[in-house]
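Work through the exercises below with the structure open beside you. Try each task before you read its solution.

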Amino acid sequence: MYNVSESPHVREQSTTKAIMRDVVIALLPILAFGVYHFGLGALKVILISVVTCVVCELLFELIAKKPITVFDYSAVVTGLILAINLPATVSWWMPVIGGAFAIIAVKMLFGGLGQNFMNPALAARCFLLISFTSRMNDFTVDGVSSATPLAVLKAGGDVDLLTLFLGYHGGCIGEVSALAILIGGLYLIVKKVISVRIPLTYILSTLVFVFLINVISGNDVTVTYMVGQLLSGGLLVGAFFMATDYATSPITSKGQILYGVILGLMTALFRVLGSTAEGVSYAIIIGNLLVPIIEKITIPKPFGCEKIKHAKGESK
């Protein structure tokens with residue numbers, strides 16, 4: 001007996017709740033190091049961001065009389081990703097504004113989870129960067145404000161690679177420790193929450209384009225500079241936790257590779273030729289907007305399908 005049913009015919013046992021729970025678990029090393037390194041200020045930002053996202057989603061669904069979805073952890077993940085993209089020194093109202101913008105303006109108004117056309121947390125970070133530039137670039141550690149390693153590299157300075165790898169420097173809460181990010185990213189890959197395709201392509205493309213643009217521009221490129229580009233800033237956390245967002249990344253294999261290359265090119269252009277040292281957030285947002293085009297040109301042909309050629313003057 002054959003069981004005939006509607007598509008999809010191949011079903012995955014994973015649920016949205018399980019996937020989001022795995023993302024939360026993967027973020028724990030990053031969050032823990034952020035609180036350890038930056039202190040209770042980081043914990044405050046994380047808690048306010050998560051609570052704001054959950055409350056905004058719940059209130060919107062109650063007012064709009066939509067099904068309650070806050071128990072699938074997606075709002076929690078949005079709050080956590082927004083928090084790790086913020087400095088620990090921001091005022092309490094900034095994660096509130098950012099969380100409300102991410103959930104209401106970017107996610108819920110477009111239909112909720114899976115319907116948003118760009119990553120909500122990154123859209124909120126870009127909104128905050130544009131609106132409160134000085135506050136978003138105030139990186140203070142132990143009461144001392146200093147330039148980020150990327151800013152030092154852009155200015156021609158030198159950095160300590162071991163410090164970059166461990167994370168004992170200034171920056172956003174979740175972007176400082178490359179070690180913690182790699183642990184979380186490896187967990188997502190092992191659990192098959194994400195494929196290695198986008199992160200690997202994105203990271204390698206960024207390094208290749210950074211090197212090429214510097215060479216073409218006549219700038220000196222050292223090993224320390226290239227490794228510094230890899231370990232500092234938001235490249236690693238963006239590659240594993242933001243560029244791989246299901247709703248805003250391509251579903252085709254070729255599309256994911258093309259997507260990663262585009263992200264790498266945009267990030268390199270922002271970092272080397274832009275006025276600021278970083279560019280991951282803007283690169284991913286632009287990449288999100290290009291996803292429909294990427295999927296259109298990389299969609300595989302159905303097996304056994306042949307394009308029918310029509311003779312001139314023959315009706316189709």
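The exercises cover helix packing first, then pockets and a cavity.

This is a predicted model, where local features need pLDDT of at least 70, side-chain atom pairs count only at pLDDT 80 or more, and totals for chains, interfaces and linings use all residues. Residues are numbered from 1 along each chain as its sequence is written, and side-chain values use heavy atoms, with hydrogens and water left out.

**Exercise 1. Describe how α5 packs against α14.**

Step 1: Find the helices. Helix α5 covers residues 120-131 and helix α14 covers residues 280-298. Helices (H or I, at least four residues) and strands (E, at least two) are DSSP runs, numbered from the N terminus.

Step 2: Take the geometry. The angle is about 130°, and the axes lie 10 Å apart. Axes are lines fitted to C-alpha atoms, for helices over the stretch in contact, and angles run from 0 to 180 degrees between N-to-C directions.

Step 3: Name the arrangement. The angle therefore makes α5 oblique to α14. (Angles under 35 degrees count as roughly parallel, over 145 as roughly antiparallel, 65 to 115 as roughly perpendicular and the rest as oblique.)

Step 4: α5 and α14 cross in a left-handed way. (Left-handed: the near helix is turned anticlockwise from the far one by less than a right angle; right-handed: clockwise.)

Step 5: List the contact (heavy atoms within 4.5 Å). From α5 come Leu122, Ala123, Arg125, Cys126, Leu129 and Ile130; from α14 come Ser281, Tyr282, Ile284 and Ile285.

Step 6: Sort by class. The α5 contact with α14 holds eight nonpolar residues, one polar and one charged. (Ala, Val, Leu, Ile, Met, Phe, Trp, Tyr, Cys and Pro count as nonpolar, Asp, Glu, Lys and Arg as charged, and the others, Gly among them, as polar.)

**Exercise 2. What lines the largest pocket?**

Step 1: Start with the volume. The largest pocket has about 520 Å³ of space. On a 1 Å grid over the protein atoms alone, a cavity is a set of points where a 1.4 Å probe fits but cannot get out, and a pocket is an open set with protein on both sides within 12 Å along at least five of seven lines; lining residues have an atom within 4 Å of a point. Grid points are joined across faces, edges and corners, and a volume is the space filled by probe spheres set on the points.

Step 2: Find the centre. Of 25 lining residues, Met20, Leu113, Asp245, Tyr246 and Ala247 are the closest to it.

Step 3: Trace the helices. α1 (16-38), α3 (74-84), α5 and α12 (235-241) each give at least two lining residues.

Step 4: Sort the lining of the largest pocket: 15 nonpolar, eight polar and two charged.

**Exercise 3. Which element gives the largest share of the lining of the second largest pocket?**

Step 1: The second largest pocket holds about 420 Å³. Among its 23 lining residues, Asn137, Phe139, Thr276, Ala277 and Glu278 are the closest to its centre.

Step 2: Two or more residues come from each of α5, α6 (133-136), α7 (149-154) and α14. The largest share is from α7, with three residues.

**Exercise 4. Which residues line the largest cavity?**

Step 1: The largest cavity has a volume of about 40 Å³.

Step 2: The lining is Asn85, Arg125, Glu175, Gly234, Val237, Met242, Glu278, Val280 and Ser281. By class, that gives three nonpolar, three polar and three charged residues.
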